[in-house]
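Subject: A structure for you to look at

Hi there,

Here is the structure I promised to hand over.

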Amino acid sequence: MITVVFVDVDGTLVDEKDNVRPWVKGLFNYLKHADCSVVVWSAGGQGYAERKMEMIGRKLEFDFTPLVDAYLWKVDGQSVYAESRFYIDDAEGLIDAMKLSGYGTFLVPFYCSSAEAVDNWLLKAAEAVEHFIDARDSGEVSSDDGD
Ligand SMILES: [Mg+2]
């Protein structure tokens, strides 16, 4: 089953001065490796999300294009067909709402490049996606087997 992972931009991948959070490359590489469909979305709109990823790519000297399946305005997320969704975001209200809807979620604190000596929230986010997929897939097997 394809997991569609929605990744927020501002506060999640970059701080307010566009400093890039550690582990962005690791997170996107992991999501591709795990066969997730990756949607980068922003309340700023589709074009904004795409430009921010290009900026992050330039800073990290890395091409994110093959790792991102779609850019979206946050409002358009409802139109995405997906049986299985996971949200990585710094917006607590959004995370709470998606959790209530039964989706996988991981709340990251708004990134502040000077706040923590080591910021590994995106590494933890990748691990949370991994656990979500493992739990879902093992749940499917056990319900099929009746145990
Ligand atoms: Mg945000």
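Let me begin with burial: buried residues make up 30% of the 147 residues in the protein chain. By that I mean that a residue is buried if 20 or more other C-beta atoms lie within 10 Å of its own, exposed if 12 or fewer, and partly exposed in between, with C-beta atoms placed from the backbone.

Before going further, two notes on how to read all this. This is a predicted model, in which local features need pLDDT of at least 70 and side-chain atom pairs count only at pLDDT 80 or more, while totals for chains, interfaces and linings use all residues. Residues are numbered from 1 along each chain as its sequence is written.

How confident is the predictor? The mean pLDDT of the protein chain is 92, and 94% of its residues reach 70 or more; pLDDT is the predictor's confidence in each residue, from 0 to 100. Residues 142-147 have a pLDDT below 50, and this stretch has 1 contact in the model beyond near neighbours in sequence. Two residues are in contact if their C-beta atoms, placed from the backbone, lie within 7 Å. Where pLDDT is low, the predicted coordinates should not be read in detail.

Overall layout

You will find 4 helices and 5 strands in the protein chain. These are DSSP runs numbered from the N terminus (helices are H or I with at least four residues, strands are E with at least two). Starting at the N terminus, the order is β-α-β-α-β-β-α-β-α. The radius of gyration of the protein chain is 15 Å, close to the 15 Å that the globule rule gives for 147 residues, so the chain is as compact as a globular protein of that length. That radius is taken over C-alpha atoms, and the rule is 2.2 Å times the number of residues to the power 0.38. Along the principal axes, the C-alpha atoms fill a box of roughly 50 × 35 × 30 Å. Of the contacts between residues at least 6 apart in sequence, 71% join residues at least 24 apart.

The core

The largest nonpolar core has 33 residues, and V5, L27, V40, A125 and V129 touch the most other members. Such a core is a set of buried Ala, Val, Leu, Ile, Met, Phe, Trp, Tyr and Cys residues joined through C-beta atoms within 7 Å. Two or more residues each come from β1 (3-8), α1 (24-33), β2 (37-42), α2 (46-60), β4 (84-89) and α4 (121-145). The largest share, 6 residues, comes from α4. Leaving aside neighbours within four places in sequence, L27 is in contact with L122, A125 and A126.

In α1, the buried residues are V24, L27, F28, Y30 and L31. Seen down the axis of α1, they fall within an arc of 160°, so they line one face of the helix. The arc is that of the directions from the helix axis to the C-beta atoms.

Helix α2 has 15 residues and reaches 21 Å from its first C-alpha to its last, close to the 21 Å expected at 1.5 Å a residue; the expected span is 1.5 Å times one less than the number of residues. A49, K52, M53 and I56 are the buried residues of α2. Within an arc of 100° when seen down the axis, the buried residues of α2 line one face of the helix. Their cover includes α1, β2 and β3 (70-73), while the face turned away from the buried side carries the exposed residues G47 and R58.

M53 has 23 C-beta neighbours inside 10 Å. Beyond four places in sequence, M53 is in contact with V40, F64 and V68.

G11 sits in the loop between β1 and α1 and counts as partly exposed, with 17 C-beta neighbours inside 10 Å. G11 and D90 are 79 residues apart in sequence, yet 6.1 Å apart in space, C-alpha to C-alpha.

D18 is found in the loop between β1 and α1. Though not a glycine, D18 has a positive phi of about 65°. D35, in the loop between α1 and β2, has a positive phi of about 60° and is not a glycine either. Most residues other than glycine have a negative phi. D35 is exposed, with 10 other C-beta atoms within 10 Å.

Enjoy exploring!
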